[in-house]
Every structure is written in structure tokens, then in C-alpha cells.
Amino acid sequence: MQIVINGGGKICEVLANTLYKNGHQVSVIEINKAKIEQLAHRVPQQVLLIHGDGCDSDRQRDAGIEEADIFVSTTGADDVNMVSCEIASLVFGVPRAIARVSNPKNNRIFRSLGIEVVSSTTVISRLIELEVTEGAVHALLSMTHGDLLIIEITLAAKVKSKTPKGKKVADIAKLLPEESLLVAVGDGHSMSIVKGDTILHPGDSLIVVGKQGTEDEIREALNKLW
């Protein structure tokens, strides 16, 4: 598939490398020339880099938007992400437009325009990694309704015990704030859905769904497991 990314920051770097590795055609639009020069050394040469404004239809056309299947805007400015996604959708008819949204209050506006949103900046790269083209984005986005937040947490790798015992998810769940849920666990190579008997180990990465504002409470609870 062909994917156009607007915004050349760290999130873009992860997306571009991951998507290209998975066999997709990727192009990036970035207004900051210095970032373009940095990306040139951090992504494969086959990734097309366009210096310009992602809200400019000509720059989107240069990036191959007319043949794109997905447009993703990852800048830190909600207004830029909204306008660039609107152009991709309304002017060029891109099937899917996905935007990073820094202010959750803007979610409703984006959705009313048919733009898929991700409020948690820590998971947008994970959403793309988890086969964005297969619909994983839809499954996770449905959880953002009702002021829910999806966060990724890495359990402390260094613990006091030299031979730490694994912890069952069923035992850990009761330590989390109400309305929090452990969704998936990864070991750095792959992610899998957790069950009650899933065993967690130091250094594992977790995807957790919880109420906005409880991030610190969730992290504190998980960091006290060992």
C-alpha cells in the first residue's frame, strides 16, 4: 500500500521505517528543511522525502497523494493535522485519513470530518506497527470514547531480586485504578492479547486502557510489582 505521512518528527521516523520494512511505499512531507535532512539519514533511501507544507495540495501531490491508500498527519499542531487531512480526503479522495490529536477536546471535530484520530501520542506508532492497513486502528480508536486513554508502559527491567517471579495478569488487575484494563503485552519483538493467566515479566511492554488523568496512578501501580 502507499502511505503519505505529514510531519517529519520522531513518530514519522518510526512509522516510515516500520511501514517500509513491512513492504509499503512511504513518502513524507516536512516543512522544516533541517528535519528533512535528518530523516534522509534515518529512513531508507526508498522513502520519498518532500520539503514543504503538508497543507499545500501541490506538496501532497508531489508526495503521491493521488495514489495513496492512507494519509497520516503526525505534527504537534492539531490545526495543521486537521487541514492536511481534509485536503487529502476532500481534494484527493484518500480512503483513510488519520491524525494525531494533542487536545482530546478536538476529537469530536475531527471525527465529524471523517478523520480517524489518535489522542495518545505514545501509541500512534504502535497503531501503525500493529497493521494499520488491517484495521487495528479502528479497534483501538473505539476505546477513546468516554474519555478513555490508551497508553503504553514498559515495566521496570531492573528489580531487586536476581530471579524475579512472573506476575499473573489476574493478580495484577486488582492493583490498577477502576475502569483500567490490561490489553496487550510485548517482549520487544511482538505483542499479544493478555488473558487472566498471562504472565508478565520485568521489561515487558504493556498496552493499557484507562480513564484520562489516571496515567500516573497506573504507572505507579505497575512499577511496584517487583
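User: Which residues are linked with K10 in a network of salt bridges?
Analyst: E13 and R42 are linked with K10 in that network. Keep in mind that this is a predicted model.

User: How far apart are the closest N and O atoms of E13 and K10?
Analyst: They are 3.7 Å apart, and the two residues form a salt bridge. The cut-off for a salt bridge is 4 Å, so the pair counts.

User: Where do E13 and K10 sit in the chain?
Analyst: Both are in helix 1, which covers residues 10–21. Because they are three residues apart there, about one helical turn separates them.

User: Is E13 buried or exposed?
Analyst: E13 is buried, with a relative accessible area of 14%. Buried means under 20%, so that value qualifies.

User: And K10, buried or exposed?
Analyst: K10 counts as exposed, at 59% relative accessibility.

User: Why can side chains pair like this at all?
Analyst: Side chains of opposite charge can pair when their charged atoms come close.

User: How many salt bridges are there in the whole structure?
Analyst: A search of the whole structure finds seven.

User: Give me another one. What does D56 form a salt bridge with?
Analyst: Its partner is R59, and the closest N and O atoms of the two are 3.7 Å apart.

User: How accessible are D56 and R59?
Analyst: D56 has a relative accessible area of 27%, which makes it partly exposed. R59 is at 24% and also counts as partly exposed.

User: What about E116, which side chain does it meet in a salt bridge?
Analyst: The side chain of R96, with an N to O distance of 2.9 Å. This pair links distant parts of the chain, as E116 and R96 are 20 residues apart. E116 lies in strand 6 (residues 116–118), and R96 lies in strand 5 (residues 96–100).

User: Are E116 and R96 buried or exposed?
Analyst: E116 is buried, and R96 is buried too.

User: Changing topic. How many helices and strands does the chain have?
Analyst: It has nine helices and twelve strands.

User: What share of the residues counts as buried?
Analyst: The chain has 226 residues, and 46% of them count as buried.

User: What about the accessible surface of the chain?
Analyst: It comes to about 11800 Å², and 49% of that belongs to carbon and sulfur atoms.

User: Last one: of the contacts between residues at least 6 apart in sequence, what share joins residues at least 24 apart?
Analyst: For contacts in this chain, that share is 62%.

How values were computed:
Residues are numbered from 1 along each chain as its sequence is written. This is a predicted model: local features need pLDDT of at least 70, side-chain atom pairs count only at pLDDT 80 or more; totals for chains, interfaces and linings use all residues. Side-chain values use heavy atoms; hydrogens and water are left out. Helices (H or I, at least four residues) and strands (E, at least two) are DSSP runs, numbered from the N terminus. Buried means under 20% relative accessible area, exposed over 50%, partly exposed in between (1.4 Å probe, protein chains only). Contact means heavy atoms within 4.5 Å. Accessible areas come from the Shrake-Rupley method with a 1.4 Å probe; for residues, only the protein chains shown count as cover.
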